Structures are given as structure tokens and as C-alpha cells.
Amino acid sequence: MLNRRKNSAGKVERTALKTPEEIEKIYAAGRVARKVIALAQEIVQPGMTTGELEDRAAQLILEHGGTSPCLGYAPSGYPPYPAWTCISVNEEIVHGIPGGRVFRDGDLVTMDCCVRLDGYVADTAFTFGVGEISPLAANLLQVTSEALYIGIGCARPGNTTGDIGAAIQKFVEANHYSVVRELHGHGVGREMHENAIDLPNYGRPETGLLLEPGMTFAIEPMVNAGRKEIKSLRDGWTIVTADGSLSAHFEHTVAITEGGVRILTGP
Ligand code: MF3
Ligand code: CO
Ligand code: CO
């Protein structure tokens with residue numbers, strides 16, 4: 001029967017859907033990405049550089065037989081991305097290039113890790129503090145993390161990508177923070193960015209794509225403590241808040257199942 005409530009939503013291309021075997025492979029890649037994030041949280045400390053954290057992450061991915069789809073990634077108009085991970089500090093939202101930046105007590109650090117293993121890709125990000133963080137920073141982490149889980153909670157057959165984005169936006173704005181508009185969640189699995197699925201962290205319910213079993217995508221709210229506007233740095237990659245405010249980013253790769261959703265980068 002035609003679902004009239006969702007009839008403004010489109011359908012995903014059949015070829016974008018993953019088999020159960022493919023989903024297991026994405027999950028295996030996700031296990032490695034999750035370990036990288038756990039390691040980063042464990043070893044980060046004041047005085048360490050983003051480049052040192054990157055080296056430890058790359059080593060762990062290699063030890064598990066994985067590679068990074070980020071290294072050398074060059075969408076048109078971008079220089080090739082020069083690292084395995086993205087490490088973004090404080091006002092940096094995403095795509096921070098690891099290098100000489102030194103962590104200081106109170107910093108907010110986003111580790112965004114994408115791993116390719118046995119041909120399949122998973123993508124996950126987590127923001128955490130270095131040492132003691134401010135109450136504002138702690139609240140921003142709490143709200144952004146919860147926004148991700150609210151989005152995941154809307155991910156089930158019959159709902160739409162717009163339902164997820166709208167729920168994320170509503171929750172973030174109710175907490176007086178803002179959602180970045182220019183960067184979205186995306187299809188993921190055979191490639192890091194699969195354009196069959198686009199998932200803004202804002203929008204209107206019942207629009208976008210109808211969710212169905214076999215869809216795999218990254219949900220990744222990017223939340224600014226201040227205004228939503230962004231700026232790109234001259235390295236061609238790093239995205240920062242235009243007003244210099246703090247930003248946080250949490251991301252999971254998920255699969256839509258018959259019964260709901262499975263987090264492929266979670267336990
Ligand atoms: N992991 C990022 C995402 O969530 C993509 C990073 S692309 C890179 O979509 F080239 F900057 F690494
Ligand atoms: Co990512
Ligand atoms: Co992503």
C-alpha cells in the first residue's frame with residue numbers, strides 16, 4: 001500500500017543497497033575505526049601534537065590490515081588529503097589535518113576515522129576533551145552526542161532521511177546551538193562517500209529518501225556553540241567556525257535493517 005504520509009520522499013537506487021555479507025564487512029571495518037577512537041581518547045594529553053596522534057592511529061589501522069580512504073582523497077577542487085585521519089581541535093569543525101598543533105589542557109578534540117578493510121569502508125567520529133574542559137564544552141559534547149543518537153533513533157524502514165535531519169536540528173536548536181549546513185552525512189560502505197544517499201543534519205520531516213533495509217550511511221551532526229556559519233582554511237581542507245566558537249562532531253555508520261537500525265561502528 002502506498003504510504004501517503006511519506007509520499008514526498010524518493011527511493012534509493014537498488015544498486016546502493018548492501019547484502020548482509022557486505023554489511024558484516026562494513027562492521028568489521030567499523031570495529032577497527034572504533035578502536036582508533038578509543039586509543040585516541042586514551043592517549044591524548046597536553047603537549048602531544050595532532051601529528052603524533054595521527055601516527056598512532058595509522059599504526060593501529062595498519063596492524064589490523066586496514067588502510068585509510070582519506071589518504072590521497074581528492075574530490076574536484078580539493079588538494080589530495082595528506083593524512084589517514086582527520087583531527088579537529090576547538091573551533092575546527094572537521095577535516096583538520098594532523099600536524100604540529102599541540103594539544104592543551106581544556107581543548108576539544110574530534111578524531112574522525114574512516115577505515116577500509118577487506119574492500120569495505122566504515123566512518124566514525126567522536127569529540128572528547130583534553131584534561132579538564134569548561135562546562136560549556138562539556139554541554140556541547142553532551143548535546144552533539146545526544147543529537148547523533150536521536151538521529152539514529154529515527155533511522156528505520158518507512159522513515160526518511162528528512163525525518164533524521166529534522167530531529168537532529170530540532171534537538172540542537174532547542175539547546176541553543178547551531179547545526180552546520182554545508183556538510184552532511186552520506187552513503188558509505190563500498191566507498192567513503194557514496195552519493196546515492198545525502199543526509200543533511202537539518203530539514204523537514206517526510207522529505208528526502210525513504211529508508212529501507214540494506215541502506216548504509218553515516219549520520220554525523222556537526223554542532224557549533226555559536227553561529228552556524230563556517231570558513232575554510234587555506235590548507236584547502238580544514239573547516240572552522242566563522243565566529244571562532246567551539247564545535248563538536250559525532251558520527252556513526254549505520255545499516256537499516258528489517259527491524260530498525262544497526263550501528264556498524266558501535267559495540
Ligand atoms: N570522514 C569524513 C566524513 O565524515 C571525510 C574525511 S575526507 C578527508 O565524511 F579527506 F578529509 F579525510
Ligand atoms: Co567521518
Ligand atoms: Co562521514
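Predicted model: local features only at pLDDT ≥ 70, side-chain atom pairs only at ≥ 80, totals over all residues.
Residues are numbered from 1 along each chain as its sequence is written, and chains are lettered from A and ligands numbered from 1 in the order in which they are written. Local features need pLDDT of at least 70 and side-chain atom pairs pLDDT 80 or more, while totals for chains, interfaces and linings use all residues; side-chain values use heavy atoms, without hydrogens and water.

**The cobalt site**

The cobalt ion (ligand 3) is coordinated at 2.0 to 2.2 Å by Asp 123 (OD), His 186 (NE2), Glu 220 (OE) and Glu 251 (OE). Donors are N, O and S atoms within 2.8 Å of the metal (3.2 Å for Na, K and Ca); water is not among the atoms, so sites may look incomplete. Along the chain, the donors of this ion follow the spacing D-x62-H-x33-E-x30-E. The arrangement is irregular because the six donor atoms subtend angles of 52 to 169 degrees. Six donors count as octahedral if opposite donors are over 155 degrees apart and all others between 65 and 115; four count as square planar on those terms, or as tetrahedral if all angles lie between 85 and 135 degrees, and anything else is irregular.

The cobalt ion (ligand 2) lies 3.3 Å from the cobalt ion (ligand 3), and Asp 123 coordinates both.

Asp 123 counts as buried because its relative accessibility is 4%. Glu 251 is also buried, at 1% relative accessible area. Buried means under 20% relative accessible area, exposed over 50%, and partly exposed in between (1.4 Å probe, protein chains only).

**The pockets**

A pocket is an open set of points on a 1 Å grid over the protein atoms alone, where a 1.4 Å probe fits, with protein on both sides within 12 Å along at least five of seven lines; lining residues have an atom within 4 Å of a point.

| Pocket | Volume | Lining residues |
|---|---|---|
| Largest | about 530 Å³ | 26 residues |

In the largest pocket, Tyr 73, His 95, Leu 183, His 186 and His 193 lie nearest the centre. Its lining divides into twelve nonpolar, seven polar and seven charged residues. Strand β7 supplies the largest share of this lining, four residues.

Helices (H or I, at least four residues) and strands (E, at least two) are DSSP runs, numbered from the N terminus.

Methods: Points joined across faces, edges and corners; volume = space filled by probe spheres on them. Nonpolar A, V, L, I, M, F, W, Y, C, P; charged D, E, K, R; others polar.
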